[in-house]
Amino acid sequence: MKRIYTVIFVLITLSLIGIIVIQLSWINNMTQLREEQIKQKVDIATRMVAEEFSNYKGAYSSMNKLGPNAVLDNFSMDFFKPVTVAHRFSVADIEKKVKQAFKNVRLENIPFEFALASFNPRSNMPGQLERTSKNFEKVFEDTVHNYISPHILVTPSGSPAENLSPDESLIVVVPDYRKFVYKSLFWNIATAILFTIIIITAFYLTVRTMLRQKKLGDIKNDFINNMTHEFKTPIATISLAVDALRNEKVMSDRGKMSYFNSIIKEENQRMNRQVETILKASQLEKQEVELVLKPLHVHEIIKDVADNFILQLEDKKGKIDLQLNAQEDLIDADDVHLSNLVNNMIDNAVKYAKDNIPPEIKISTYNDGKNFIFKIEDNGIGMTKETLKKIFERFYRAHTGNIHNVKGFGLGLSYVKTMVQAHNGVIKADSIPGRGSTFIIELPLKKVNG
């Protein structure tokens with residue numbers, strides 16, 4: 001079974017890693033594709049504006065302004081020079097046209113900077129900047145994070161100054177274009193991440209459930225073994241007593257008959273108590289137990305329960321020390337369940353005593369504000385930190401070498417914690433292996449009206 005869980009865990013882990021790798025690859029490919037799409041759209045928008053500007057290149061100043069007999073001096077020759085695009089359009093006009101072009105290619109919200117510059121055909125590089133937006137020079141220098149789309153303004157073929165107009169180029173820069181890419185893919189990436197988180201969560205819950213089921217299986221087997229042992233002993237004793245009763249010598253002796261009958265009755269009651277313990281655990285799990293609360297003095301209950309263990313402790317040469325120092329011990333509690341709670345705590349201290357060492361149990365009480373504090377200490381075998389974390393779990397029993405050397409179903413401390421919480425209290429435990437354990441129970445005192 002353990003091997004199967006390991007194989008399932010490995011397969012699920014590999015599947016999860018594969019899904020995450022595919023998701024990351026998909027996001028990366030989608031991002032690269034969107035980057036190329038945005039670059040293409042920026043190039044298209046830049047070309048659209050450049051082609052529009054190109055229609056204005058190569059035009060001369062009107063010669064009609066000069067008379068037919070005018071003498072062409074240096075000043076008048078300026079009228080025959082083609083007017084550049086930069087002279088025809090202001091920065092605001094250029095920005096308006098670029099913005100409209102971006103809108104046409106559905107890049108309305110993308111930021112941009114631009115420039116009109118003279119173009120050096122020999123070096124194939126922009127020359128003097130003639131018209132620029134505010135931050136163009138700053139963003140033009142960063143070619144790593146920003147996308148630059150240049151386009152030469154070509155003089156229309158057949159125009160009067162086709163070969164005379166100065167070379168110009170339109171340069172559009174999109175700063176930090178990847179940020180716009182990620183923004184445009186936000187919902188796609190967010191959805192991918194969300195589903196990845198869901199898959200990881202499902203993986204975690206699956207593994208956790210598997211481990212919990214394995215743990216419950218171990219607990220079930222442990223419980224069945226304990227239950228079998230607990231019932232086997234009284235059944236065997238009853239069987240022997242019944243066989244003895246069939247003996248003619250016993251049948252003729254009323255004293256022996258009474259003795260064996262009492263054994264059968266005691267063992268029967270013992271089994272009945274064990275059945276009741278299991279049924280109570282089932283009721284607690286279903287939350288079917290209803291408390292009958294009434295004012296109770298805890299000191300009286302502690303004394304009564306402690307008296308029931310005196311003979312058992314004397315048989316082991318042990319003792320129980322009561323230091324009931326609490327000034328106030330009146331609480332609202334269920335008489336039966338509170339008695340069972342105290343009984344389980346003392347019984348636990350007796351069960352887990354050291355071999356060949358008399359058990360010493362100390363019970364002390366005191367008040368802390370509005371709480372009644374019940375503290376029980378023993379000199380038993382103690383518990384490790386790992387055991388201490390699990391002692392309040394249902395059916396859990398601390399291992400002491402032989403699983404059957406301590407009788408019970410592992411329901412005692414689980415029942416105690418449930419009852420303490422049902423009375424709005426708190427239970428804490430501390431222990432050192434080989435030196436004993438300490439349990440502290442805090443229960444709220446009864447509220448006094450007025």
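Visitor: Is isoleucine 17 buried, partly exposed or exposed?
Guide: This is a predicted model. Isoleucine 17 sits in helix α1, residues 2–54. Its relative accessible area is 47%. Exposed would need over 50%, and buried under 20%, so isoleucine 17 is partly exposed.

Visitor: Which residues make the nonpolar surface patch of about 450 Å²?
Guide: Isoleucine 17 is one of them. Residues three or four places apart in an α-helix point the same way, because there are 3.6 residues a turn. The patch of about 450 Å² is made by Phe9, Val10, Leu14, Ile17 and Val21.

Visitor: Is valine 292 buried or exposed?
Guide: Valine 292 lies in the loop between α9 (254–285) and β5 (293–297). Its relative accessibility is 57%. The cut-off for exposed is over 50%, so valine 292 counts as exposed.

Visitor: Which residues does valine 292 touch, not counting those up to four places away in sequence?
Guide: Start with the distance to histidine 337. Valine 292 and histidine 337 are 45 residues apart in sequence, but 9.2 Å apart in space, C-alpha to C-alpha. Leaving out residues up to four places away in sequence, valine 292 touches Ala333, Asp334 and Asp335.

Visitor: At the start of α12, which backbone nitrogen does a side-chain oxygen of aspartate 334 reach?
Guide: Aspartate 334 is among the residues that valine 292 touches. Helix α12 covers residues 335–351. At its start, the side-chain oxygen of aspartate 334 comes to within 3.0 Å of the backbone nitrogen of valine 336.

Visitor: How many Å does helix α12 reach from its first C-alpha to its last?
Guide: Helix α12 has 17 residues. At 1.5 Å a residue, 24 Å is expected. The model comes close to that, with a reach of 24 Å.

Visitor: Which residues of α12 are buried?
Guide: Buried means under 20% relative accessible area. Histidine 337, with its C-alpha 9.2 Å from that of valine 292, is one of the buried residues.

Visitor: What is the phi of arginine 106?
Guide: Most residues other than glycine have a negative phi. Arginine 106 is in the loop between α4 (91–104) and β1 (113–120), and is exposed at 68% relative accessibility. Although not a glycine, arginine 106 has a positive phi of about 65 degrees.

Visitor: In which loop is asparagine 424 found?
Guide: Asparagine 424 has a positive phi of about 60 degrees, although it is not a glycine. At 65% relative accessibility, asparagine 424 counts as exposed. Its place is the loop between α14 (412–422) and β10 (426–432).

Key
Residues numbered from 1 in each chain as written. Predicted model: local features only at pLDDT ≥ 70, side-chain atom pairs only at ≥ 80, totals over all residues. Heavy atoms only, no water. Helix = DSSP H or I, 4+ residues; strand = E, 2+ residues; numbered from the N terminus. Buried < 20%, exposed > 50% of the residue type's maximum accessible area, 1.4 Å probe, protein only. Contact = heavy atoms within 4.5 Å. Patch = residues over 30% accessible without salt bridge, like charges linked within 9 Å, V, L, I, M, F, W, Y side chains within 5 Å. Areas by Shrake-Rupley, 256 points an atom, 1.4 Å probe, with all protein chains shown as cover. Salt bridge = Lys/Arg side-chain N within 4 Å of Asp/Glu carboxyl O. Expected span 1.5 Å × (residues − 1). Polar contact = N/O pair within 3.5 Å; in protein donor to acceptor, adjacent residues only side chain to side chain.
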